[in-house]
Amino acid sequence: MDAIVEEIRRAYATVGITLDAPAAYGTYYRLLCAGCGRMVGNVGDHLLPGMAAELVAEQFELYASGLLGCPCGHQSQTTRQLDTPRWQAARQRFDA
Ligand SMILES: [Zn+2]
């Protein structure tokens with residue numbers, strides 16, 4: 001695995017998402033829920049260093065409130081453990 005893919009993998013792991021093996025044709029990786037294995041999206045490997053962590057950090061509120069991520073709620077649970085005050089603020093903001 002090259003450095004950028006490893007960086008993407010680590011960034012998504014913080015919110016409870018696993019990077020799967022590359023999809024056909026290589027440059028896209030499937031994102032799987034670390035709780036139940038359901039596919040929750042795709043990510044390309046053409047990100048620049050630092051972008052993956054930034055992207056995931058920007059989406060924190062969406063994962064916290066359940067607007068993004070898996071219906072099983074795993075990303076919401078994971079973000080709650082990561083930063084409970086921020087998680088609570090996001091839930092209030094999105095009325096989740
Ligand atoms: Zn799930």
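Me: Which residues of β2 lie on its covered face?
Reply: This is a predicted model. In a regular strand the side chains alternate between the two faces of the sheet. On β2, Tyr28, Arg30 and Leu32 make up the uncovered face. The covered face has Tyr29, Leu31 and Cys33.

Me: In what order do the three strands lie in the sheet?
Reply: Strands of a sheet pair through backbone hydrogen bonds, either parallel or antiparallel. Here the pairing is antiparallel and the sheet is open. The order is β1-β2-β3.

Me: How much does the sheet twist from one strand to the next?
Reply: The sheet is an open one of three strands. From each strand to the next, the twist averages 35°.

Me: How many bridges pair β2 with β3?
Reply: β2 covers residues 28–33 and runs antiparallel to β3. Several partners can be named. Leucine 32 has methionine 39 as its bridge partner, tyrosine 29 has valine 43, and arginine 30 stands opposite asparagine 42. The number of bridges is five.

Me: Which residue takes a positive phi in the hairpin of β2 and β3?
Reply: Five residues lie between the two strands of this hairpin. The phi in question is near 90°. The residue is glycine 37.

Me: What is the bridge partner of leucine 19 in β2?
Reply: β1 and β2 run antiparallel and are joined by four bridges. For leucine 19, the partner in β2 is leucine 31.

Me: Which residues does leucine 31 touch, leaving out those up to four places away in sequence?
Reply: Leucine 31 sits on the covered face of β2. In the largest nonpolar core, of 18 residues, Leu31 is among the four that touch the most other members, with Ile8, Tyr12 and Ile17. The residues leucine 31 touches are Tyr12, Ile17, Leu19, Met39, Val40, Gly41, Asn42 and Val43.

Me: Which elements give two or more residues to the largest nonpolar core?
Reply: This core has 18 residues.

Me: What angle does the direction of helix α1 make with that of β1?
Reply: Helix α1 spans residues 3–13. It packs on the sheet and touches β1, β2 and β3. The angle is about 150°.

Me: Why do the buried residues of α1 line one face of the helix?
Reply: An α-helix has 3.6 residues a turn, so residues three or four places apart point the same way. In α1 the buried residues are Ile8, Ala11 and Tyr12. They line one face because, seen down the axis of α1, they fall within an arc of 90°.

Me: What do the buried residues of α1 pack against?
Reply: Ala3 and Glu6, on the other side of α1, are exposed. The buried residues pack against β1, β2, β3 and α2.

Me: Is alanine 90 buried or exposed?
Reply: Alanine 90 lies in helix α5. Leaving out residues up to four places away in sequence, alanine 90 touches Phe60, Glu61, Ala64 and Ser65. Because it has 22 C-beta neighbours inside 10 Å, alanine 90 counts as buried.

Me: How far apart in space are alanine 90 and leucine 62?
Reply: In sequence they are 28 residues apart. From C-alpha to C-alpha, the distance is 7.6 Å.

Me: In what sequence do the elements run from the N terminus?
Reply: The protein has five helices and three strands. From the N terminus on, they run α-β-β-β-α-α-α-α.

Me: What is the radius of gyration of the protein?
Reply: For 96 residues the globule rule gives 12 Å. The computed value is close to that, so the protein is as compact as a globular protein of that length. The radius of gyration is 13 Å.

Note on methods: Residues are numbered from 1 along each chain as its sequence is written. This is a predicted model: local features need pLDDT of at least 70, side-chain atom pairs count only at pLDDT 80 or more; totals for chains, interfaces and linings use all residues. Two strands pair if DSSP finds at least two bridges between them. Axes are lines fitted to C-alpha atoms, for helices over the stretch in contact, and angles run from 0 to 180 degrees between N-to-C directions. Two residues are in contact if their C-beta atoms, placed from the backbone, lie within 7 Å. A residue is buried if 20 or more other C-beta atoms lie within 10 Å of its own, exposed if 12 or fewer, and partly exposed in between; C-beta atoms are placed from the backbone. A nonpolar core is a set of buried Ala, Val, Leu, Ile, Met, Phe, Trp, Tyr and Cys residues joined through C-beta atoms within 7 Å. The radius of gyration is taken over C-alpha atoms; the globule rule is 2.2 Å times the number of residues to the power 0.38. The arc is that of the directions from the helix axis to the C-beta atoms.
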